[in-house]
Amino acid sequence: MTDYDLNRLGPLEFEHMIQALAGAEFGVSVSVFGAGKDGGREATFHGQVPGLDFVSPIVADTIQPYGIVQAKSLRWATDTREAGLDIDTATKSELNKFLIQHGQDEPLRKPKPDFYVIATNVRLTAASGTGTLDIVESTLRNHEVSLKGYAVWHYEKICRLLEKHGSVRRAYASFVTPGDVLDRVMEMLGEGSAASIAPVLKNHAALQIAAREKIKLESADLDGRTETSLSLVGIDLSATNADGKHVDVVKKLLEAGDRSLRGSHENAPTSAYLIIGGPGQGKSTLGQILCQSYRYALLSDISRSTPNIDLAISRTAARLKTLGLSTPNNRRWPFFLELASYAKHLADDPSVTVTEFIASQLIAQRARVTSAQVWSWISSWPWVLVLDGLDEVPASGNRDLVTSQLNAFITEVRLKDWDVLVVCTTRPQGYTDEFSEFSPTTLELRPLTLDRAISYARNLVRVRYAEDKELIDQILLKLRTSAKTPHVVRLMTTPLQVTIMTVLLEKLNEVPSTRHELFDGYYRAIYGRESIRPGALGQSLKTYHEQVDWVHERVAFTLQELAEIDGKRQTKIPATAVTEMFVARLSNDGYSEENSERISSQLETASRHRLVLLVPSGIEDVTFEVQSLQEYMAARALSDGNIESVLDRIRILAPSAYWRHTLRLTLGRVYSQRTQDRDALVTTLMSLDSDDQRSRFLGYGAQIATDLLRDDFAISKPLHRRLLLTHALSQLQLWPIDDHRHLASLCRVVLTGGDSEAATLVEAKLREAISSSAPAHLSANIILKNLLRTKGKSRAFAKRTLAQTRDQQWDNVDRALPGSTSVGDLFDAAAPHADLTVEEAANYESISNLLHQTRLPVAETIEQLTTHASRSNSHESTIWLSTALGKEGAIPALLKIAAHVPLKDALAPIAFREALIRHDQKAQRTMRHYSHFYSTRGTDLTDAAPRLRDA
């Protein structure tokens with residue numbers, strides 16, 4: 001007989017299990033109740049059922065008897081007798097509620113039960129007369145409620161019921177299996193495909209907990225000085241949820257994972273989470289910490305393994321304790337799925353399902369399984385599935401196919417009532433609600449606070465320089481001194497930035513002031529360290545600095561470009577391609593063919609180990625280990641050449657969310673290093689939205705201006721900052737979309753900053769907007785209500801402005817809206833005022849059916865409209881509108897109509913603007929569209945991209 005571990009079950013999961021056991025034991029006469037006010041019952045039943053002790057006989061011709069099942073759990077009770085007495089007290093309290101108490105006209109609960117089953121995870125003692133089992137049974141037998149029958153399901157009884165009812169035992173096996181859980185899977189699940197692969201999966205979990213110890217560069221090991229372990233420096237990060245509350249991400253996810261997420265359980269919590277964070281903010285690392293936590297939970301009770309595995313297990317346990325994270329009670333099987341890799345497989349074979357891909361990855365990680373066995377394991381055992389990096393799958397590629405396959409998988413999970421916690425990660429740029437099918441809970445990562453950044457840096461430095469206490473003290477002193485400067489604080493808001501800062505502080509006395517300078521300083525520091533090493537490589541780096549820089553930039557740009565062309569992230573290129581680049585550049589610089597090949601061979605050999613930022617990937621390939629460093633090098637490539645060419649590239653890339661981070665680094669580099677071109681650069685940024693009606697409607701330039709100002713762009717030039725601020729505030733004239741929260745954040749910073757002229761500008765533009773056109777009124781309303789949630793000057797201004805401005809536009813409209821509406825309904829009403837040409841009217845008519853299928857929520861108050869407008873429409877709700885935009889001539893007609901939509905119908909042009917932005921993201925912005933890019937780079941490599949793609 002097995003003694004099951006019932007302590008791992010939380011109160012709600014214990015109730016669910018008791019409901020399932022009652023249904024299995026008593027049959028179809030059982031009714032279950034969800035969490036909340038259930039009237040003191042987890043389940044009810046009618047008629048006589050097996051296993052009851054009868055107090056009085058049941059007369060055959062009486063009304064069918066009524067029974068109640070009540071669950072009472074105590075977690076981690078240490079004093080068995082005291083716990084048993086607590087259960088007796090709770091039982092009396094529950095039964096008393098069926099009696100009329102003093103001063104009451106009727107009982108708190110009714111009807112009064114004939115039968116009563118109390119279920120508890122407490123071990124009730126069996127000593128005759130004095131044991132807690134006899135005490136509880138005496139209460140049931142003798143209570144004034146006058147039960148006709150009762151049963152006590154205590155710990156031992158529940159264990160026997162679990163042995164009897166295999167389906168219930170299997171459903172809760174991840175909670176209740178004692179000891180080495182993966183060793184006992186066969187016993188818990190019985191024979192079958194899932195149980196048969198348990199030994200393979202145990203071995204896989206053990207290998208992975210050691211293999212995943214090496215942390216990604218965004219968190220620690222940037223310069224190869226020492227290999228840093230996730231379990232030594234990994235941290236939990238704070239995020240903001242949809243309610244505006246701050247939560248620690250891993251803690252929140254582990255709490256969610258300790259619940260059963262089967263849809264059949266009443267009030268089951270959300271089973272999907274979306275983590276949104278910027279470059280280097282630690283999204284992937286959070287996913288790895290989550291998976292390591294579950295691997296530890298699965299392996300914590302195994303006997304000794306290899307030294308590396310045992311060390312990883314003990315370190316992970318210690319790290320969880322340090323971070324204040326509990327070991328998961330629901331021992332889910334973890335899998336970390338890189339979406340870029342899945343996209344690459346789908347590009348080769350569009351029919352590969354998520355389950356088939358997981359099986360292929362397990363095989364690659366030395367686990368011999370079939371997709372059928374994986375499918376069986378998912379259906380039989382709780383999982384946590386981390387879907388990492390949607391932003392690394394370009395919208396211009398096969399992102400739609402990736403999300404379609406993911407949605408199909410999630411649909412299967414829910415229809416078949418599997419217990420799977422899904423965690424997705426993405427950057428905010430370019431995310432257009434592709435995961436709406438999951439109905440995920442969104443967690444948006446917050447910048448590191450200064451205290452948390454310094455704490456992380458302190459731990460990181462102590463691990464990386466463990467044998468050099470003097471150096472540790474020097475770096476930490478520099479860090480504390482630098483942290484007193486505001487611009488440095490703003491460069492320590494992500495784990496990647498903090499890591500780079502610790503590297504720079506080892507070499508430099510003065511720290512960078514901008515994001516670009518931070519990356520640039522890091523590259524110079526690593527290059528300098530590599531070049532002073534003895535031997536041929538150090539000498540080559542000194543001699544061929546210009547060529548090495550060029551190859552880094554070219555490799556980075558090529559990988560970025562190919563990802564957009566092919567629709568899948570290119571994570572590596574052949575080392576032989578690097579050789580070809582060196583040969584081409586050295587030949588162009590006048591080296592002989594023999595010398596070019598000799599030098600290139602030396603540098604290519606170095607790249608197979610480490611060549612500054614290029615690191616090996618497998619045996620034959622090289623890569624950038626961190627996406628942000630690849631984007632930095634691609635930005636260097638984009639910013640090279642004559643200014644007319646650079647500005648041309650900026651105009652082409654401005655609409656692309658895929659290129660947005662690279663573009664921000666490009667703009668920062670041009671502004672800081674080409675001072676003579678600053679005016680031209682700012683003028684170009686301000687002109688991005690003035691070319692035509694479409695560019696004015698979308699406002700990409702204003703969005704970029706907002707991002708740059710939040711990055712402290714042109715921090716030393718107030719004139720340029722105010723010009724960009726004016727352009728950023730032009731978004732107030734546009735129909736608001738989700739990006740308006742970034743504008744609200746910028747307004748808050750300006751209003752509370754030291755530039756009184758800039759603050760006056762913000763106040764004037766907001767007051768002007770709220771009394772202006774429909775889109776401006778709604779945009780200003782959203783910004784001001786966002787500012788109401790802040791403190792100090794910004795809140796006071798928002799409160800004062802809203803109090804002075806009545807929603808006259810809203811007061812004057814007819815709000816007798818139908819129960820539901822569509823983009824077509826609302827655009828039809830505005831179309832007669834748009835002065836469409838005959839051709840435009842015909843084009844609009846051709847897409848009318850698609851527009852009427854795009855459903856929208858109804859807003860009956862300005863508050864409801866503001867709420868709906870500040871949230872993105874779901875990807876599913878705008879799919880018909882997106883299809884309409886593909887029709888020839890549709891967009892010009894819709895742009896004209898959108899300009900005449902009144903405030904009450906704002907959700908239609910908002911949906912149109914979001915859909916048009918999504919439509920634009922599918923367009924490739926590759927530099928191959930103009931070949932002069934290559935000639936300005938010093939040699940003509942126009943055919944490099946297709947050759948590398950073939951390789």
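**A first look at the predicted model**

Of the 951 residues in the protein chain, 57% count as buried. Good morning, colleagues. Please keep in mind throughout that this is a predicted model.

I shall begin with the chain as a whole. The protein chain contains 47 helices and 18 strands. Among its contacts with a separation of 6 or more, 74% are between residues 24 or more positions apart. The protein chain exposes about 38500 Å², and carbon and sulfur atoms supply 49% of that area.

Let us turn to a single residue, Thr 666. This threonine is found in helix H29, which covers residues 660-673. Is Thr 666 buried or exposed? Its relative accessible area is 2%; because the threshold for burial is under 20%, Thr 666 counts as buried. Which residues does Thr 666 touch, leaving aside those up to four places away in sequence? They are Ala 635, Leu 638 and Ser 639. The side chain of Thr 666 also reaches the backbone oxygen of Thr 662, at 2.8 Å.

My next subject is a sheet. Three strands form an open sheet in the order S14-S16-S15, and the pairing is antiparallel. Strand S14, residues 573-574, and strand S15, residues 614-617, stand at the edges; each has a single partner strand, so one side of each is left without a neighbour in the sheet. In general, strands of a sheet pair through backbone hydrogen bonds, either parallel or antiparallel. Here, S14 and strand S16, residues 621-624, pair in the antiparallel sense over 2 bridges. As for individual residues, the bridge partner of Ile 573 in S16 is Val 622.

I come now to the aromatic residues. How many aromatic pairs does the structure hold? There are 16 aromatic pairs. One of them joins Phe 697 and Phe 912: the ring centres are 5.1 Å apart and the planes stand at 35°, so the pair is tilted. Phe 697 lies in helix H31, residues 693-698, and Phe 912 lies in helix H45, residues 907-921, so the pair ties together parts that are 215 residues apart in sequence. Both Phe 697 and Phe 912 are buried.

Elsewhere, Phe 26, Phe 45, Phe 115 and Trp 153 form one aromatic cluster.

The charged end of Arg 678 sits over the ring of Tyr 671, at 4.3 Å from the ring centre.

Thank you for your attention.

Conventions: Residues numbered from 1 in each chain as written. Predicted model: local features only at pLDDT ≥ 70, side-chain atom pairs only at ≥ 80, totals over all residues. Heavy atoms only, no water. Helix = DSSP H or I, 4+ residues; strand = E, 2+ residues; numbered from the N terminus. Buried < 20%, exposed > 50% of the residue type's maximum accessible area, 1.4 Å probe, protein only. Contact = heavy atoms within 4.5 Å. Areas by Shrake-Rupley, 256 points an atom, 1.4 Å probe, with all protein chains shown as cover. Polar contact = N/O pair within 3.5 Å; in protein donor to acceptor, adjacent residues only side chain to side chain. Pairing = 2+ DSSP bridges. Phe/Tyr/Trp six-rings, centres within 6.5 Å; stacked < 30°, edge-to-face > 60°. Lys NZ or Arg CZ within 6 Å of the ring centre and 35° of its normal.
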